[in-house]
Amino acid sequence: MGKAMLVFQTDFTYKEGAVCSMYGVVKSVDRSLEIITGTHEIPQFDTWSASYRLYQSMKFWPRGTVFVSVVDPGVGTPRKASVALTENGYYIVTPDNGSLTHVDAVFGIKEIREIDETVNRLKGKDTEDVSIFHGRDLFSYCAAKLASGIINFEQVGPLYPNSGILRFPILEPSVEDNKVSGIFEINDPNFGNLWTNIPLVDFKSAGFEFGDYLDLKIFHHGEEKFSDKLLFHKSFGFAEKGNPMIYNNELMKISLAVSQGSFSEQYNLGYGSDWIVEFTRRS
Amino acid sequence: MGKAMLVFQTDFTYKEGAVCSMYGVVKSVDRSLEIITGTHEIPQFDTWSASYRLYQSMKFWPRGTVFVSVVDPGVGTPRKASVALTENGYYIVTPDNGSLTHVDAVFGIKEIREIDETVNRLKGKDTEDVSIFHGRDLFSYCAAKLASGIINFEQVGPLYPNSGILRFPILEPSVEDNKVSGIFEINDPNFGNLWTNIPLVDFKSAGFEFGDYLDLKIFHHGEEKFSDKLLFHKSFGFAEKGNPMIYNNELMKISLAVSQGSFSEQYNLGYGSDWIVEFTRRS
Amino acid sequence: MGKAMLVFQTDFTYKEGAVCSMYGVVKSVDRSLEIITGTHEIPQFDTWSASYRLYQSMKFWPRGTVFVSVVDPGVGTPRKASVALTENGYYIVTPDNGSLTHVDAVFGIKEIREIDETVNRLKGKDTEDVSIFHGRDLFSYCAAKLASGIINFEQVGPLYPNSGILRFPILEPSVEDNKVSGIFEINDPNFGNLWTNIPLVDFKSAGFEFGDYLDLKIFHHGEEKFSDKLLFHKSFGFAEKGNPMIYNNELMKISLAVSQGSFSEQYNLGYGSDWIVEFTRRS
């Protein structure tokens with residue numbers, strides 16, 4: 001049990017043989033390694049989502065777990081292929097293309113190394129001339145060697161300064177008495193919930209409490225897209241089926257849902273830094 | 001190998017990080033536990049399907065296996081969070097919201113306990129104020145402790161009477177000579193097959209045999225939606241491609257298919273207690 | 001660690017309980033067997049894709065791995081249920097319905113045996129009268145016994161001659177100076193790339209090099225569907241976002257992509273032996 005687990009997330013889906021090939025490479029490096037499918041349904045080329053999903057689940061895993069994140073629109077170009085060690089003790093094997101943004105901001109990156117392709121890239125099996133599948137030939141192979149103990153972190157490749165990590169800007173919410181504003185930072189594409197960047201603690205600072213009815217306005221590029229008074233409560237079941245509500249999500253961030261429905265579809269809303277949300281309570 | 005396996009089914013999909021977070025919780029409880037993905041594609045909020053899918057696959061697993069079923073539209077409300085022990089020796093960790101209906105009817109529930117949140121809920125990691133993700137904070141965590149042997153069944157929480165289990169009504173088919181009727185109880189959403197609640201043995205009682213051509217009528221809210229004479233046979237390959245047929249499904253229930261096609265789409269049919277099917281044979 | 005791994009591919013999806021039932025059967029045969037999900041999203045009834053996906057990933061796995069491939073439109077009819085041993089040392093448990101075409105052509109089948117249902121089919125659990133789920137009752141059960149060492153390859157059932165294997169025709173590309181033609185052999189349904197049957201080595205024989213601009217014409221049933229001059233390069237990132245390009249895919253075959261887009265959707269193209277591709281370079 002001494003070897004680290006490998007947790008994978010990609011935008012590959014299971015529609016063709018890419019996942020199966022990557023997992024085979026891992027098992028060919030070390031038959032005893034344990035592979036966990038985090039998800040292969042990150043939206044295509046969406047490095048922001050890759051970054052958010054790493055942040056979302058990482059802390060629930062045992063320290064030392066090796067995450068392999070392959071959302072890699074720049075594969076084969078000079079973007080770095082890297083392994084990061086986080087301040088809280090996890091490894092992330094990923095293209096350095098923004099995918100480390102949230103983990104760096106929330107937990108911190110301790111050190112980052114660029115994978116040395118001359119030693120940590122798959123050899124043979126007619127793969128040397130392949131430039132488009134680093135998920136298989138570089139990330140899975142290097143991650144398996146690291147998890148197995150065949151190489152240690154130093155042997156991944158040369159260190160580079162944290163200042164060289166590609167980061168997306170992260171916006172901070174604003175809080176005053178009876179008013180909090182922020183953005184929709186990400187969605188839950190399954191249930192149609194939208195998650196703001198506003199921590200529950202900011203709602204508490206503003207004086208909002210579970211059971212309150214709050215005025216919510218949503219703006220997109222400055223245009224009002226939604227305006228209503230909504231219940232803020234602990235869980236979906238406190239709202240009538242089909243009704244919108246405000247809740248505290250699994251990451252302690254304020255979020256919007258329709259009970260047993262889809263908030264984003266019902267009101268045709270998206271997420272990103274141009275989606276402003278504003279909560280107020282009339283005193 | 002003494003520890004039980006954990007088999008998961010949810011309606012979460014892999015579109016965001018929920019599954020990955022749950023699995024991390026399990027591995028943080030006990031790194032050696034084995035997690036199997038049953039499915040994360042139960043239709044949203046569909047506790048009837050959750051119930052049926054548990055019944056469908058359970059008996060094929062080793063006794064002692066721990067099933068974790070999280071289709072939980074009432075999360076955060078007073079519905080019970082429970083662990084059931086079945087008469088045939090499996091554990092099911094689930095909200096008590098109808099998800100135990102079929103297993104109870106077919107195999108029987110021996111005992112059921114309500115999870116004691118004061119001891120069997122995840123602590124720390126900023127989860128105490130989260131009310132909407134019992135799949136992670138309660139069901140996965142408690143199931144992992146049980147499978148690992150950290151707690152035994154008694155330590156899950158207090159027993160409550162079987163009469164307190166929430167059950168959906170299950171309709172029984174009717175059988176006479178040369179005539180059997182029932183309902184479409186569930187679908188196979190992938191291949192488009194529809195499964196009745198009629199066991200093969202009822203067809204035999206009625207005198208129907210493989211190779212027979214039977215008259216099938218389908219009614220929805222009393223209105224006839226389908227009427228045709230169809231081949232009843234062992235497998236799809238006995239019908240021409242594109243043709244509808246009657247077969248004995250994997251659970252020994254009479255079902256309808258189109259060979260290499262979708263019965264439910266081709267004839268625009270659904271399932272539930274208001275979809276009546278009637279098979280007759282003219283003598 | 002002496003036991004073989006089981007790698008599954010089917011067209012079942014996770015929409016109902018079929019996968020969970022199959023995996024349960026494996027674990028009931030031998031709790032210690034390791035199950036890997038290759039994919040359950042092969043297109044329905046598409047034995048050609050099943051064949052291609054086996055070929056695509058197999059060589060990345062450790063020798064001795066047991067692949068279970070269940071794309072089986074003829075289940076219950078006299079098509080053979082088989083276990084093949086490949087020349088490079090893998091086992092494939094599959095209906096003999098074309099699913100072995102590519103592996104046979106590229107790696108070679110050493111021996112093939114028909115599964116003896118009298119000894120290698122699941123007993124009990126009310127499965128004897130089920131004819132439509134060989135994935136559960138026959139393929140998973142027999143594969144588990146083989147991987148576990150309960151039976152050896154000889155005990156699968158009787159040998160039959162390789163000439164009896166059902167194979168689809170495979171077309172070969174043609175090469176001359178400054179001109180190569182072939183077909184679209186398969187797609188990548190996730191990223192929308194189309195993969196030809198033309199090996200990179202044929203491009204080199206024709207004198208084409210990374211960085212060249214090549215004239216590409218695509219014909220369907222003789223009708224021209226696409227004509228343009230495209231960049232041939234190592235990876236997607238060398239083309240502007242949204243632009244089509246020619247690249248060397250992960251199996252060293254010439255392929256077409258749109259950088260961060262879908263080639264097949266953008267130009268409404270398919271694959272198969274009636275999709276002819278022709279690359280030329282004006283000197």
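Colleague: How many residues of chain A are in contact with chain C?
Modeller: Two residues are in contact if their C-beta atoms, placed from the backbone, lie within 7 Å. On this criterion 30 residues of chain C take part, and from chain A the number is 31.

Colleague: Which helix of chain A gives the largest share of that side?
Modeller: Helices (H or I, at least four residues) and strands (E, at least two) are DSSP runs, numbered from the N terminus. Eight residues of the side of chain A that touches chain C come from one helix, residues 18-29, and this largest share belongs to helix H1.

Colleague: What kind of model are we examining?
Modeller: Residues are numbered from 1 along each chain as its sequence is written, while chains are lettered from A and ligands numbered from 1 in the order in which they are written. Local features need pLDDT of at least 70, side-chain atom pairs count only at pLDDT 80 or more, and totals for chains, interfaces and linings use all residues, in what is a predicted model.

Colleague: How far apart are the centres of the two domains of chain A?
Modeller: Domain bounds come from an automatic or database domain assignment. For chain A this gives domain 1 (6-164) and domain 2 (174-280). The distance between their C-alpha centres is 33 Å.

Colleague: Is Gln260(A) buried, partly exposed or exposed?
Modeller: Gln260(A) is found in the loop between strand E14 (253-258) and helix H7 (263-266) of chain A. A residue is buried if 20 or more other C-beta atoms lie within 10 Å of its own, exposed if 12 or fewer, and partly exposed in between; C-beta atoms are placed from the backbone. Gln260(A) has 17 such atoms within 10 Å, so it is partly exposed.

Colleague: Which residues of chain B does Gln260(A) contact?
Modeller: Neighbours within four places in sequence are left aside here. In chain A, Gln260(A) is in contact with Lys241(A) and Gly242(A), and in chain B with Phe45(B) and Pro73(B).

Colleague: What is the phi of Asn178(B)?
Modeller: Most residues other than glycine have a negative phi. Asn178(B) sits in the loop between strand E8 (174-176) and strand E9 (179-188) of chain B. Because it has 14 C-beta neighbours inside 10 Å, Asn178(B) is partly exposed. Although Asn178(B) is not a glycine, its phi is positive, at about 65°.
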